[in-house]
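Dear colleague,

Please find below the structure that I am handing over to you. I would be grateful if you would look through it alongside the notes that come after it.

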Amino acid sequence: MAPNWCGCGVASANSAKLSTNGLKLSSNRFNFSKPYPRRAYRVTAYYGLTTPPYELDALEPYMSKRTVEIHWGKHHNEHVEKLNRHLKTSAFYGHTLEEMVKATYNNGSPLVEFNDASSVWSHDFFWESMQPKGGSMPTGGVLDQIEKDFGSFTNFKDEFTFASLSLFGPGWVWLYLKRNEKKLAVAPTQNAISPLVWGDIPIIGLDMWEHAYYLDYKDDRSAYVNNFLDHLVSWHSVMVRMMRAEAFVNLGEPKIPVA
Ligand SMILES: [Fe+2]
């Protein structure tokens with residue numbers, strides 16, 4: 001059963017369509033016909049299953065509707081439900097998802113909440129890393145930054161593909177911004193790990209677990225990665241994420257002179 005946002009234990013017909021994490025005052029035990037009882041309100045903070053920002057068949061023929069249905073509706077949703085079960089007794093109840101991923105990684109000794117928290121975050125990020133009629137090449141500042149940090153766009157694609165295919169077992173491959181070095185980089189990660197746990201800023205996330213590609217590509221991971229880069233990756237999302245990242249990492253000369 002998808003987590004419900006009223007906290008009252010009753011599944012909502014729309015619960016699977018609610019987006020992003022939510023914070024909601026629950027009054028399930030509050031009877032408005034009676035005097036206001038002390039401590040009747042409690043804050044419930046459960047995470048919802050984020051809906052991909054397109055129809056489930058919109059990525060065809062490069063990612064089938066059946067793959068998205070199973071990946072999103074089963075695998076992603078299971079992480080949301082398991083995370084919400086953890087939160088009933090977790091010390092991290094009430095944290096934002098990003099805070100929880102970083103904190104529960106626990107400097108490399110992950111706590112029980114980590115796998116599900118990080119998987120929910122990464123899947124939300126993955127769906128928004130793609131768009132119908134995506135792929136091809138970025139433009140403007142994104143292309144400039146990629147060329148600066150990788151030498152050329154072709155080099156970036158080669159590194160991203162190599163990292164994807166070199167991954168042993170389940171995991172992810174990322175384009176991310178290294179905060180300290182102030183440059184873009186590519187890295188594969190095992191299982192549920194993302195660059196968030198290193199304090200860096202993810203820009204693109206590609207799911208390399210079998211459930212992401214096996215129905216459509218069997219063991220041809222190269223075709224999956226190539227189609228992701230050529231037809232699915234959302235350079236619009238990349239542009240927005242880079243703009244956000246620049247609020248934290250100065251990629252150029254300071255624009256405001258220091259007095
Ligand atoms: Fe996945």
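Predicted model: local features only at pLDDT ≥ 70, side-chain atom pairs only at ≥ 80, totals over all residues.

The iron ion has four protein donor atoms: NE2 of His71, NE2 of His123, OD of Asp207 and NE2 of His211, lying 1.9 to 2.2 Å from the metal. Along the chain, these donors follow the spacing H-x51-H-x83-D-x3-H. The angles that the four donor atoms subtend around the iron ion run from 86 to 140°, which makes the arrangement irregular. For reference, the ideal angle for four tetrahedral donors is 109.5 degrees.

The UniProt record, an unreviewed entry, places the feature "binding site" at His71, His123, Asp207 and His211. These residues span 141 residues in sequence, yet no two of their C-alpha atoms are more than 12.2 Å apart, so they gather at one spot.

Aspartate 207 belongs to strand β5, which covers residues 201-207. Its relative accessible area is 0%, so aspartate 207 is buried. Beyond its neighbours within four places in sequence, aspartate 207 is in contact with His71, His123, Phe126, Gly171, Trp172, Ala212 and Tyr224. The side chain of aspartate 207 also makes a polar contact, at 3.4 Å, with the side chain of histidine 211.

Histidine 211 sits in the loop between β5 and α6 (214-217). A polar contact of 3.1 Å joins the side chain of histidine 211 to that of histidine 71. Leaving out residues up to four places away in sequence, histidine 211 touches Thr67, His71, His75 and His123.

I also draw your attention to serine 129, which lies in the loop between α3 (114-127) and α4 (140-150). With a relative accessible area of 1%, serine 129 is buried. A polar atom of the serine 129 side chain lies 2.8 Å from the backbone oxygen of phenylalanine 125. Not counting residues up to four places away in sequence, serine 129 touches Ile204, Gly205, Phe228, Leu232, Val233, Ser234 and Arg241. Among these, Ile204 and Gly205 fall within the residue range of strand β5, the strand in which aspartate 207 is found.

With kind regards

Notes:
Residues numbered from 1 in each chain as written. Heavy atoms only, no water. UniProt positions renumbered as here; feature names shortened; annotations may be inferred. Helix = DSSP H or I, 4+ residues; strand = E, 2+ residues; numbered from the N terminus. Buried < 20%, exposed > 50% of the residue type's maximum accessible area, 1.4 Å probe, protein only. Contact = heavy atoms within 4.5 Å. Polar contact = N/O pair within 3.5 Å; in protein donor to acceptor, adjacent residues only side chain to side chain. Donors = N, O, S within 2.8 Å, 3.2 Å for Na, K, Ca; no water. Tetrahedral: all angles 85-135°; square planar, octahedral: opposite > 155°, others 65-115°.
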